[in-house]
Amino acid sequence: MVKEKPNSIRTYDKDGYRLRAACVCVKDDSEQEILLVSASRNHEHWIVPGGGIEPTEDTGIAALREVKEEAGAKGTLGRYLGVFENAECKTRTSVYVMIVDEVLDDWEDRSIGRRRKWFTVMDAIQQLRLHRPEQSSYLDLLKHSANNASSSSSSSSTR
């Protein structure tokens with residue numbers, strides 16, 4: 001079953017790319033475990049929760065809304081990883097890190113058979129490379145930005 005949103009309006013940028021927002025959902029500050037959801041079209045494929053931005057909706061708010069709908073998770077929005085372009089699908093996705101505070105027993109996309117699962121970062125990257133390789137770059141940047149943050153905080157503490 002595929003999720004349909006009859007009242008949803010897709011938004012596009014000046015180049016004709018559909019605007020999306022997504023969250024890399026982490027279990028805690030260590031960012032060692034990532035929550036992925038099954039794709040709506042194929043429940044054996046794992047993806048990063050995300051979707052379209054409504055007109056006038058802030059990208060961070062859209063990302064949090066999509067995570068609640070698709071993964072049944074609520075949390076604290078963390079750092080902004082950037083905009084990721086998929087030329088093949090003509091999408092531009094604003095991606096954030098979200099620390100999961102609560103996992104709901106029931107959520108909107110559960111009704112269409114969507115599942116969720118925690119993965120180690122490396123396992124999540126492997127899953128994404130199989131069917132959504134563009135999303136694996138979110139996690140590559142997650143690892144890179146976490147390393148930069150920890151090295152800059154340790155160098156500032158030694159000053």
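Mentor: Let's start with Thr 56, which sits in the loop between strand 4 (50–52) and helix 1 (59–71). Keep in mind that this is a predicted model.

Trainee: Okay. Why is Thr 56 called exposed?

Mentor: Its relative accessibility is 87%. Exposed means over 50%, so Thr 56 counts as exposed.

Trainee: And what makes the phi of Thr 56 worth a look?

Mentor: Phi is positive there, about 70°, although Thr 56 is not a glycine. Lys 90 is another residue other than glycine with a positive phi, near 55°. You'll find Lys 90 in the loop between strand 5 (73–86) and strand 6 (91–103).

Trainee: Why is Lys 90 called partly exposed?

Mentor: Look at the number: Lys 90 has a relative accessible area of 37%. Buried needs under 20% and exposed needs over 50%. The value for Lys 90 falls in between, so partly exposed is the label.

Trainee: Now Ala 39. Where is it found?

Mentor: In the loop between strand 2 (33–38) and strand 3 (46–47).

Trainee: Why is Ala 39 called buried, then?

Mentor: Its relative accessible area is 7%.

Trainee: Which residues is Ala 39 in contact with, leaving aside its neighbours within four places in sequence?

Mentor: His 45, Ile 47 and Arg 114. As for Glu 70, 31 residues apart from Ala 39 along the chain, the two C-alpha atoms are separated by 9.3 Å.

Trainee: Why do Cys 23 and Cys 25 count as buried?

Mentor: Cys 23 has 0% relative accessibility, and Cys 25 has 0% too. Buried means under 20%, so both labels follow.

Trainee: Last one: how confident is the predictor about the chain?

Mentor: The mean pLDDT is 89, and 87% of the residues reach 70 or more. Go carefully at residues 152–159, though, where pLDDT stays under 50. For that stretch the model has 0 contacts beyond four places in sequence.

Methods: Residues are numbered from 1 along each chain as its sequence is written. This is a predicted model: local features need pLDDT of at least 70, side-chain atom pairs count only at pLDDT 80 or more; totals for chains, interfaces and linings use all residues. Side-chain values use heavy atoms; hydrogens and water are left out. Helices (H or I, at least four residues) and strands (E, at least two) are DSSP runs, numbered from the N terminus. Buried means under 20% relative accessible area, exposed over 50%, partly exposed in between (1.4 Å probe, protein chains only). Contact means heavy atoms within 4.5 Å. pLDDT is the predictor's confidence in each residue, from 0 to 100.
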